Amino acid sequence: MVLLFSLLSLLALAASLGLVLMLVRSGSRTTAVIELGPYALPVAATVATVATLGSIYLSEVEGFVPCLLCWVQRGVMYPLAAFLIVVSFRPARWAAPVALLVAGLGGLVAAYHYGEQRGWVGGSEEFCDAAVPCTYVWVEQFGFMSIPFMAFSGFLLIALLAGLRMLGNPAHEAGE
């Protein structure tokens, strides 16, 4: 399963790159953006739900004990998944900006956590438990991918999808 989650993270990174290239190459109001926009939040809900279920699997089935920074990321991803599921069925203009903000915050925590694991940044020893240090690497796939990296790839794709939704045509949405 860890390999599957790692491959899904690579897929999320590839999709993120594809979205960025699409937006950079063709501008923000292209037919592709307008056509894909309505599907952005349901796809983001799927990404967040898979990330949520994956983190539950890793801790409850694999027995990986989450550190404090992992809990913070979960505290962002779990409600984000529920929020995105709801707004996928009941769209509102404010949903995409909220999703972008929340995913961005989660992504920052995940990036910091990954930096901690790699030794690029430090400081979590002040608030992380010595029994469950934030620097401990439970998973390392492909020589670089850890659980915080997987979380970052999910948050990145969700943020880009929310941005795509904001650029798409929100005329049919209610709840201004």
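Guide: A charge sits over a ring if NZ of Lys or CZ of Arg is within 6 Å of the ring centre and within 35 degrees of the ring normal. This is a predicted model, where local features need pLDDT of at least 70, side-chain atom pairs count only at pLDDT 80 or more, and totals for chains, interfaces and linings use all residues. Residues are numbered from 1 along each chain as its sequence is written, and side-chain values use heavy atoms, with hydrogens and water left out.

Visitor: Which ring does the charged end of R74 sit over?

Guide: That of W71; the charged end lies 4.9 Å from the ring's centre.

Visitor: How is a pair of aromatic rings described?

Guide: By the distance of the centres and the angle of the planes. Rings of Phe, Tyr and Trp (its six-membered ring) pair if their centres lie within 6.5 Å; planes under 30 degrees apart are stacked, over 60 edge-to-face, the rest tilted. This structure holds eight such pairs. Take Y136 and W138: their centres are 4.9 Å apart and their planes at 75 degrees, so the pair is edge-to-face. F142 and F144 make a tilted pair, with 6.4 Å between centres and 35 degrees between planes.

Visitor: Which residues form one aromatic cluster?

Guide: Y114, W120, F142, F144 and F149. F144 is partly exposed at 29%.

Definitions and conventions: Buried means under 20% relative accessible area, exposed over 50%, partly exposed in between (1.4 Å probe, protein chains only).
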